[in-house]
Amino acid sequence: MNILQVLLTVLCFSIDKAHGFNVGTSGAKIFSQLAAEQFGYSVQQFKNSQGKWLLVGSPWKGYPQNRKGEIYKCEINSPGSSCQSLNLQSNISNGNNINMSLGLTLTPTTKNDGFMTCGPLWAQLCGSLYFYPGVCAEVSPQFTLQSAFSPAVQTCGSLMDIAIVLDGSNSIYPWEPIVNFLKKMLENLDIGPQSTQVTVMQYAVDTSFEFKLNAYQTKESMINASSNIQQKQGLETNTFKAIDFARKNAFLASNGGRPGATKVMVVVTDGESHDANLRNTVIPACDSQNITRFGIAVLGYYIRNDIDTSKLIAEIKSIASKPTEKYFFNVSEEATLIEIVGTLGDRIFNIEGLTGDNFKMEMSQVGFNLFPPGAAGAYNWIGTVVHQNAQKSDVLPKAAFEKVLDDRNHSSLLGYSVTSVSDGSSEFFVAGAPRAVHRGQVIVYSMNSQNQPVIIDSQRGDQIGSYFGSVLCPVDVNADGVTDLLLVGAPMYMSEEKSETGRVYLFTITKGILSNQGFLEGSQKNARFGTAITAVPDLNMDSFSDVVVGAPLEGNGHGAIYIYYGDKKTIRKQSSQKIVGTNLDPALKFFGRSLDGRGDMNGDSIPDVSVGAFGKVVQLWSRGVAVVTAKVSFTPDKISILSKPCRYSGRQVSCFKAKVCFSATFKPANPLGPVDIKYNLTLDADLQSSRVSPRGHFSNLDRVFQKDISVSVQDVCEEHDVYVQETPDLVNSIALRVDVVLSHPDANPVLDVFSPTAWESFVSIPFSKDCGEDDACLSDLVLTVQSEDIFGKTKLVVSQNKKRLSFTVIVMNRKENAYNARVSASYSSNLFYASVTPQVTFVVNFDFNLNQFQKDANVVFEALSLLYLTVSLPNSTKEGNPLLYTTSIRTSPISEKPYTVRFKEESFRGTDELNCKTAKCRLVQCVLKGLEEKGDYWVNVTTNIWSGTFALVNKLILVLFLAQSGLILGLTVFVYHRLISCTPCSL
Ligand SMILES: [Ca+2]
Ligand SMILES: [Ca+2]
Ligand SMILES: [Ca+2]
């Protein structure tokens with residue numbers, strides 16, 4: 001028997017999200033703690049000498065009294081699913097400080113194999129005001145706290161001596177609001193011998209102490225004393241004498257003044273002074289003693305008496321320190337003084353303890369993200385980045401980022417996220433500012449030799465409120481030490497339906513310069529896709545790193561994660577797998593709010609993905625990958641329809657045997673399978689074929705045969721009988737398609753989605769075509785057309801009763817068999833096709849169109865043996881941008897169709913060629929007529945390029961085009977289809 005291996009055609013393979021890929025969901029381990037404490041807000045895989053753990057942040061632990069937060073350790077390989085608290089918060093916490101929110105972030109520390117956690121919401125109590133310096137803690141591999149640092153923390157108990165100078169002259173009325181203002185102001189200060197001391201003086205003609213700096217040790221006693229202050233009364237307002245008195249006396253050591261304490265004077269008055277001539281000596285004297293002065297003008301008396309206030313305001317402004325807008329206040333009457341207390345308190349705090357240096361971290365929150373820690377709230381919510389090393393914390397100055405942020409609203413939250421990327425030799429830092437100019441921004445910078453940041457590049461988000469830059473994830477896809485991609489989350493990105501779908505933007509980085517490569521998107525509304533992003537070192541073992549993205553709000557807040565596999569230096573933009581939280585546990589909420597996948601957690605060498613949820617963390621197990629190959633051979637490889645050796649359904653029929661062999665390769669290489677698969681054999685499965693019924697059946701009387709088989713490295717083969725039906729199609733080979741799927745969806749290993757799982761083989765069944773030894777059918781069709789009417793000689797009268805025009809058509813073949821033989825008739829528009837009466841000789845009827853009288857009627861007959869050629873043209877990009885439109889095929893112009901042009905912004909970087917894989921193709925089918933034996937045939941398809949699609953290319957590409965002017969059409973991208981050779985078209 002002649003056994004011949006026949007051509008295997010690999011069918012297209014597609015990734016079906018429903019099938020998933022190698023992140024398994026069966027056997028997932030779920031750890032739980034209190035959801036109200038936000039257990040699961042962060043998660044980190046961790047290994048030490050005792051085992052493998054999940055570290056889980058529970059930043060609200062202590063809720064609602066004092067959200068100190070906590071880290072839990074959950075042992076992966078222990079039988080139970082309980083977690084233990086590390087009790088870190090009790091070792092860090094400081095009596096005055098609350099809501100440490102420890103565990104909001106978690107990150108490994110490379111230097112000692114431990115980890116770092118931060119509590120950026122850590123609130124510091126200064127007086128009655130809270131500030132948010134944040135805190136980060138380093139923890140050893142054995143879970144002991146090593147150090148805690150809070151570079152933004154204030155010494156809010158730093159020494160400050162405040163002299164309050166009150167105008168007590170007759171014009172002040174009523175007095176009570178002045179006392180209330182004083183009491184309220186004291187409430188807002190951190191009073192004490194080691195923090196802030198206050199002295200109060202009152203003046204009219206002359207000045208006297210109400211109490212001195214060292215008079216009261218507690219806030220309560222000082223407020224009590226203040227309530228008893230009586231109005232001094234007096235006809236003159238000697239403001240400058242009072243200021244000078246305070247300068248000379250208030251801060252004296254004998255009166256309680258402390259050397260090194262910051263000196264502040266608050267002057268409250270309601271009228272122009274009687275001693276303005278002293279101004280030019282008194283105020284410079286205050287400056288030389290570093291006394292910061294607040295000037296408060298009470299305009300009540302002037303307004304009540306309809307006096308112009310401009311001189312008064314000018315005088316008080318001249319008393320206040322610079323800049324005036326920060327140190328000068330005015331109020332319309334005594335009663336409204338109390339309204340400025342909050343602002344005044346804030347401004348006093350802002351100068352506290354920080355003399356001669358305008359460097360402010362007062363509203364910063366260190367640790368919103370790590371390495372280096374970001375300080376999102378620094379500089380009044382503009383934010384900055386703190387570089388921490390063993391010796392010290394370098395808080396990067398505001399000016400470093402001011403220009404690039406262009407943040408007039410002072411709300412960038414720079415440092416909300418931070419990371420670093422490498423080009424192999426240098427390291428660049430990336431900081432996210434999710435509220436910069438409302439659209440969000442990422443900034444790439446490097447550190448120069450003076451430890452100062454040098455801005456390299458920045459990119460803004462393209463939608464207001466999208467929180468672009470709140471999540472950053474660098475990916476070294478090919479693990480060569482060079483960062484290939486920076487993923488930037490914009491989890492609040494709104495879809496067109498105004499729902500928070502979320503997006504993840506892809507950037508490549510070249511020497512710190514970012515280049516946008518499009519974005520990833522989840523599949524659902526209100527998903528917050530991109531809230532968490534993590535790179536995984538090669539889930540599917542194809543040597544490229546992979547990426548997992550969380551969409552914690554997807555599906556009404558249940559959450560989902562998406563898996564994207566790496567490919568060369570980028571990632572595939574189509575997710576390969578989506579795992580919906582409710583499939584693991586119907587009660588899961590916010591599944592995907594945090595992620596980690598840096599390591600193998602169960603010893604099979606494949607990294608595993610850990611997913612945080614609301615009060616839970618889920619450990620998923622990755623599965624091995626099998627690549628199955630199928631080979632098919634047929635015996636015999638050709639079938640003669642004359643030979644009918646087999647019996648099928650009681651009849652003698654032609655038959656052949658199909659032998660299917662499977663083998664597999666496995667990653668990891670241990671264990672070597674097996675993989676249990678289900679295979680399907682289908683005869684004539686090609687859906688594009690016009691054959692409705694198959695030309696062959698298996699022994700089960702069906703065109704489809706299904707079986708389970710266990711496949712290992714060695715070939716495993718099975719043979720199947722195929723019975724051939726009598727068929728009118730004796731030309732085309734019978735196709736046998738093999739499909740394989742996993743026998744059990746939860747099996748391990750799984751089939752590789754990026755390798756073929758379907759193959760089509762053609763048993764070259766040129767049923768004996770009877771076309772001579774060359775097996776090519778050279779026919780010679782002769783067409784004879786006869787009609788009752790003798791055209792041209794007699795006039796044909798067409799009427800209602802006589803409108804038929806009939807032809808008798810005779811086709812004869814003088815040479816070898818003609819397959820797919822047809823007769824075609826084309827006719828003029830004044831005829832209707834009426835019918836064909838089939839005989840060996842058949843009659844074709846036409847009726848005249850009585851609504852359209854013309855002198856001539858035309859009918860052209862042709863006898864053809866047809867051959868089709870299908871041309872695929874890249875018709876539009878994946879985004880739907882038009883690429884090419886056909887203008888002609890051969891000599892027949894195609895009628896023009898109206899075409900609505902609609903362009904979307906789209907990047908072609910990384911796309912070498914726009915072909916039917918990278919773009920959407922359109923099929924043009926040509927019928928080839930009048931072919932001669934063994935000729936080469938050319939079909940000239942002429943297309944035009946939609947220039948609009950390329951009008952929006954960014955400048956870099958545009959320059960390239962211009963440089964190659966005249967060669968644009970020569971780019972390999974477009975030309976390959978311009979002339980299509982039809983060499984294999986011989987019959
Ligand atoms: Ca790389
Ligand atoms: Ca991979
Ligand atoms: Ca594993």
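Let's start inside a sheet. V475 has L485 in β28 as its bridge partner. Strands here are DSSP runs of E with at least two residues, helices are runs of H or I with at least four residues, and both are numbered from the N terminus.

Some ground rules. This is a predicted model, in which local features need pLDDT of at least 70, side-chain atom pairs count only at pLDDT 80 or more, and totals for chains, interfaces and linings use all residues. Residues are numbered from 1 along each chain as its sequence is written, while chains are lettered from A and ligands numbered from 1 in the order in which they are written.

Now the overview. The protein chain holds 15 helices and 61 strands. Of its 987 residues, 40% count as buried. Buried means 20 or more other C-beta atoms within 10 Å of the residue's own; exposed means 12 or fewer; partly exposed lies in between; the C-beta atoms are placed from the backbone. Next, contacts. Two residues are in contact if their C-beta atoms, placed from the backbone, lie within 7 Å. Take the contacts in the protein chain with a separation of 6 or more: residues 24 or more positions apart account for 67% of them.

Two strands pair if DSSP finds at least two bridges between them.

Look at β27 and β28. β28 covers residues 485-490, and the two strands pair in the antiparallel sense over five bridges. V471 faces G489 in β28. P474 faces L486 in β28.

How many residues of β28 are buried? Six of the six, so β28 is largely enclosed by the rest of the structure. L485, L487 and G489 point one way, and L486, V488 and A490 point the other way. β27 is mostly covered, with four of its five residues buried.

G550 stands opposite I561 in β33.

On to a helix. α2 has 12 residues, 176-187. At 1.5 Å times one less than the number of residues, α2 should span 16 Å, and its end C-alpha atoms are 17 Å apart, which agrees. Buried in α2 are I178, F181, L182, M185 and L186. They cover an arc of only 130 degrees around the axis, which puts them on the same side of α2. That arc is taken from the directions from the helix axis to the C-beta atoms.

α2 has a partner. Two packed helices are described by the angle between their axes and the distance between the axes. The axes of α2 and α3 (residues 219-227) come within 9 Å and cross at roughly 175 degrees. Axes are lines fitted to C-alpha atoms, for helices over the stretch in contact, and angles run from 0 to 180 degrees between N-to-C directions. α2 and α3 are therefore roughly antiparallel; the cut-off for that word is over 145 degrees. Among the residues that meet are V179 and L182 in α2, and M222 and I223 in α3.

Last stop: L104. Where does L104 sit? In the loop between α1 (88-92) and β8 (105-108). L104 is buried, with 26 other C-beta atoms within 10 Å. Q38 is 66 residues away along the chain, and the C-alpha atoms of L104 and Q38 are 9.2 Å apart. Leaving aside neighbours within four places in sequence, the contacts of L104 include Y41, G57, C118 and L121.

Methods
Angles under 35 degrees count as roughly parallel, over 145 as roughly antiparallel, 65 to 115 as roughly perpendicular and the rest as oblique.
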